[in-house]
Amino acid sequence: MKLDTSPIAAIATAPGRGGIGVVRASGKSLAPLIQSLFPDVTLAPRHATYIPFASNDGSVIDQGLALYFKAPHSYTGEDVLELQGHGGPVVLQMLLARVLEAGREHGLRLAEPGEFTRRAYLNDKLDLAQAEAVADLIDASTEAAAKSASQSLSGAFSQVVHRLVEQTINLRMLVEATLDFPEEEIDFLEKSNARGQLAGIIDSLEHVFRQAAQGALLREGLNVVLVGQPNVGKSSLLNALAGAEVAIVTPIAGTTRDKVSETIQIEGIPLNIIDTAGIRAIDEGIDVVERIGIERTWGEVGKADVILHLLDANLGPSAADETIVAAFPIGVPVVRIWNKIDLSGHRPVVEGAADATHIYLSANEMLGIDLLRAELLRIAGWQQTGESLYLARERHLIALRAARQHLDVAAQHAAQDDQSLDLFAEELRLAQDQLSSITGAFTPDDLLGVIFSRFCIGK
Ligand code: GDP
């Protein structure tokens, strides 16, 4: 990926109103921009200067703090200027327009999404896993997710990956040195304990994978579809599940009709609950908007990790239940929940059956809710380890898995009598490439483009 050093600027704070709002600029040298914005003042690096932000004709747009970070001691590794004004959308747009105007003759342009962080990456301020953690920290929907994103941002995840890369390189060096002296090949594996070293690397990799996989759960969460007829207790169950933990409601943008999910958390794992209340058969009486809504909800159902089918333990299933359940995607685990056992007299219990796991509970009386929570965590694959986790992405897990496969093949070569050392070395190299792709030491440009384009502008 080419390093474009032309100066860039953007509003760095979230859209909307806030106490303060920040316009940020970055470039190889911002001296001309600063000179043109503040002709009478010298901004000392890393000092806050309270100053009027004036437009070209001298009228004051806002007053606030100007902060100048001289390269390379900045977020991006370039010169960075931050103007902290008041956080109103219009005033910030005016301030940004002023900055762009003042810098135009020096090539200043609006930043692309993620461009500040991309520059930080290209200038070695962050590696790729850390850059991704910036976005994940910003997007974290639970406290546990935020903590592990911050753990990855601090470089802890990158460090363990680096250690794996180093161990692999060391082993490769040993093998490749031996390849140059074929007469020593025969007992190389014994002498150098190459098999033992490889087993050690595989063990460490397994450990990192487990922590990363648990961290990925915190990021991705579980998509849960909640179905059931009116009045079986869907809202009551949601409240009971959210319990003492903070329920974070994140309606999907749009009208009420569009609202298809909300998020609660169990042990820090976000559960995106997809509400199917709006699902009914698509027939001629339905208008276009509702039809789109229903189709979209079915689209969400298709992405479900688990379906919770809620029934009234007193009344049993209705014909409408059977119709909806018949339309569920095949292969998605179903938990059939019999609610209101306080009325029916059942005991809270989990029963495995061929069609689904059955759980008897009462949302109102909080009976058996712990059974459902445990079942959801089990389906999610959550294991309480007490270790700090790395907020990993699917991309990282795929790379770790691929590295593991190459190491396994290497181990097979090492186990063979003919000691195919060159193949052993080649598998180590492939494993190393996979591991390096996590931190970005070996990552194709198009993948970098995809990763950074998912950031918002200003990050
Ligand atoms: P929804 O339409 O499926 O969302 O159902 P609600 O959560 O609104 O509940 C419908 C009614 O059932 C309300 O009056 C609840 O108080 C009641 N209800 C929910 N859970 C229980 C329960 O476990 N026991 C009893 N007795 N009533 C319940």
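Biologist: Which helix gives the most to the shell around the ligand?
Modeller: Keep in mind that this is a predicted model. Two helices each supply at least two residues of the shell, helix 12 (341–344) and helix 9 (234–242). The one that gives the most, with 3 residues, is helix 9.

Biologist: OK, and how many residues surround the ligand?
Modeller: The closest ones are Asn231, Lys234, Ser235, Ser236 and Ser362. Split by class, the shell has 4 nonpolar, 8 polar and 3 charged residues.

Biologist: How far is the polar side-chain atom of Ser362 from an oxygen atom of the ligand?
Modeller: A nitrogen atom of the ligand sits 2.9 Å from an N or O atom in the side chain of Asp342. A polar backbone atom of Ala363 is 3.0 Å from a ligand oxygen. For the side chain of Ser362, the distance to a ligand oxygen is 2.7 Å.

Biologist: What share of the ligand's exposed area does the protein bury?
Modeller: Start with the ligand taken alone, which exposes 580 Å². Of that area, the protein buries 71%.

Biologist: Let's move on to rings. Are Trp338 and Tyr360 stacked or edge-to-face?
Modeller: The model has 4 aromatic pairs. In this one, the ring centres are 6.1 Å apart and the planes meet at 15°. Planes under 30 degrees apart count as stacked, so the pair of Trp338 and Tyr360 is stacked.

Biologist: How many residues apart are Trp338 and Tyr360?
Modeller: Trp338 belongs to strand 11 (residues 334–339), and Tyr360 to strand 13 (residues 357–360). The pair links distant parts of the chain, and the separation is 22 residues.

Biologist: Is Trp338 buried or exposed?
Modeller: Buried means under 20% relative accessible area. Trp338 has a relative accessibility of 13%, so Trp338 counts as buried.

Biologist: Is Asp124 buried or exposed?
Modeller: Asp124 is in the loop between helix 3 (115–122) and helix 4 (128–139). Asp124 has a positive phi of about 60°, although it is not a glycine. Exposed means over 50%, and Asp124 has 71% relative accessibility, so Asp124 counts as exposed.

Terms used:
Residues numbered from 1 in each chain as written. Predicted model: local features only at pLDDT ≥ 70, side-chain atom pairs only at ≥ 80, totals over all residues. Heavy atoms only, no water. Phe/Tyr/Trp six-rings, centres within 6.5 Å; stacked < 30°, edge-to-face > 60°. Helix = DSSP H or I, 4+ residues; strand = E, 2+ residues; numbered from the N terminus. Buried < 20%, exposed > 50% of the residue type's maximum accessible area, 1.4 Å probe, protein only. Near = heavy atom within 4 Å. Polar contact = N/O pair within 3.5 Å; in protein donor to acceptor, adjacent residues only side chain to side chain. Areas by Shrake-Rupley, 256 points an atom, 1.4 Å probe, with all protein chains shown as cover. Nonpolar A, V, L, I, M, F, W, Y, C, P; charged D, E, K, R; others polar.
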